[in-house]
Amino acid sequence: MNKAYQYSCTLLKLERLKQNKGQKEVCYGICVPSYLSKIERNQVTPDSHILKQLFERLDIEFYCEESFMEYYNELIESYFEQMSYHLEKSAYKELQSADKKLSYSPLAIDWLIIQAYEDNKESLKQLSQCLDSMNNKQRAYYYMALPLKKEEEKEIIDLYIQAFNILNNSYSLVKLILAYYRISQYDKVHEYVDKCISLALEEGNTWALGFCYRMVGTVYACLHIEDLMLPAYQRAIHLLQNTYWKEELSEIHYNMGATYLQSGNYSLAQTVHPMV
């Protein structure tokens with residue numbers, strides 16, 4: 001069965017039960033109850049016209065027109081590209097305006113994933129119940145939306161690794177590198193940074209490239225190794241200055257200043273970061 005329609009069939013059942021309606025009541029004049037039962041159990045791929053009629057019987061408009069699907073699928077792809085390249089997520093505003101339509105369409109899982117990235121915790125709960133209806137790409141983005149909880153560190157990091165194996169892009173590695181940094185596994189940070197730099201160069205992802213050098217510099221700052229910290233941070237500054245991401249340089253300057261303070265180099269610390 002088409003994965004997109006598989007979730008739509010599950011959604012149909014949930015809505016029917018929510019409204020406390022029986023199968024005969026919902027499918028009368030549309031299809032036989034046994035066929036509706038197969039639809040709800042994902043045993044058949046229903047014609048989109050039948051699915052639309054069944055939703056209408058529940059007073060819900062199911063959006064599956066080809067023009068709708070094509071337009072919003074392109075917007076969804078734009079959203080993930082903007083997120084991966086750390087650009088302004090202009091696609092999200094337009095997707096948000098079609099919230100109800102997307103929620104009752106074959107694009108519902110993609111829309112739930114996007115909402116999860118926009119800090120909608122309820123979306124993560126819903127997504128956890130429909131893993132079987134996701135394709136590999138959707139599953140990868142869902143995994144990366146999961147927060148790194150202390151009690152589940154190993155399990156979540158394993159899922160981040162699975163996400164990278166599916167997507168094989170610099171953004172999925174950024175997520176993994178950040179996770180290893182947060183649990184102070186600096187050897188793993190170094191192991192994956194080189195891969196991330198190669199992918200970022202191949203993709204032309206300037207932000208991911210700057211992130212890699214910033215992360216290397218930050219690791220050396222944590223270890224108070226000034227001689228190795230400075231070249232990495234200088235590369236990051238060179239990449240990010242005069243760009244959309246120049247505000248991220250404040251963290252670099254702060255870390256440099258803090259490192260120099262730690263080593264007793266007060267005059268240099270003030271030069272790098274006057275606020276220290």
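Predicted model: local features only at pLDDT ≥ 70, side-chain atom pairs only at ≥ 80, totals over all residues.
Trainee: How far is the sulfur of C196 from the closest cysteine sulfur?

Mentor: The distance is 3.3 Å, and the partner is C212, so the two sulfurs are too far apart for a bond. A disulfide is counted here when a pair of cysteine sulfur atoms lies within 2.5 Å. By that rule, zero disulfides are found.

Trainee: New topic. How much space is in the largest pocket?

Mentor: The largest pocket holds about 690 Å³. It is lined by 32 residues, and those closest to its centre are H86, Y171, K175, L178 and R182.

Trainee: What counts as a pocket?

Mentor: On a 1 Å grid over the protein atoms alone, a pocket is an open set of points with protein on both sides within 12 Å along at least five of seven lines, whereas a cavity is a set of points where a 1.4 Å probe fits but cannot get out. Lining residues have an atom within 4 Å of a point. Grid points are joined across faces, edges and corners, and the volume is the space filled by probe spheres set on the points.

Trainee: Which helix gives the most to the lining of the largest pocket?

Mentor: That is α12, with seven residues. Helices that each supply at least two lining residues include α5 (66-84), α8 (108-117), α12 (170-182) and α14 (206-222). Helices (H or I, at least four residues) and strands (E, at least two) are DSSP runs, numbered from the N terminus.

Trainee: And what is that lining made of, by class?

Mentor: It has 21 nonpolar, three polar and eight charged residues. Ala, Val, Leu, Ile, Met, Phe, Trp, Tyr, Cys and Pro count as nonpolar, Asp, Glu, Lys and Arg as charged, and the others, Gly among them, as polar.

Trainee: What about the second largest pocket, how big is its volume?

Mentor: The second largest pocket has a volume of about 360 Å³. Among its 18 lining residues, Y7, L11, L14, L112 and Q126 are the closest to its centre. α1 gives the largest share of this lining, six residues. By class, the lining of the second largest pocket has eight nonpolar, seven polar and three charged residues.

Trainee: Which residues touch the most other members of the largest nonpolar core?

Mentor: In that core of 98 residues, they are L54, Y79, F80, L95, Y117 and L127. α14 gives the most to this core, with 11 residues. A nonpolar core is a set of buried Ala, Val, Leu, Ile, Met, Phe, Trp, Tyr and Cys residues joined through side-chain atoms within 4.5 Å.

Trainee: Take F80. What is F80 in contact with?

Mentor: Leaving aside neighbours within four places in sequence, F80 is in contact with I113, I114, Y117 and Y141. Contact means heavy atoms within 4.5 Å.

Trainee: Y141 sits in which helix, and how covered is that helix?

Mentor: Y141 is one of the buried residues of α10, and eight of the 10 residues of α10 are buried. Those buried residues pack against α5, α8, α9, α11 (153-167) and α12.

Trainee: Where is S84, and what does S84 touch?

Mentor: S84 lies in helix α5 and is buried, at 8% relative accessibility. Not counting residues up to four places away in sequence, S84 touches Y141, Y171, N205 and W207.

Terms used
Residues numbered from 1 in each chain as written. Heavy atoms only, no water. Buried < 20%, exposed > 50% of the residue type's maximum accessible area, 1.4 Å probe, protein only.
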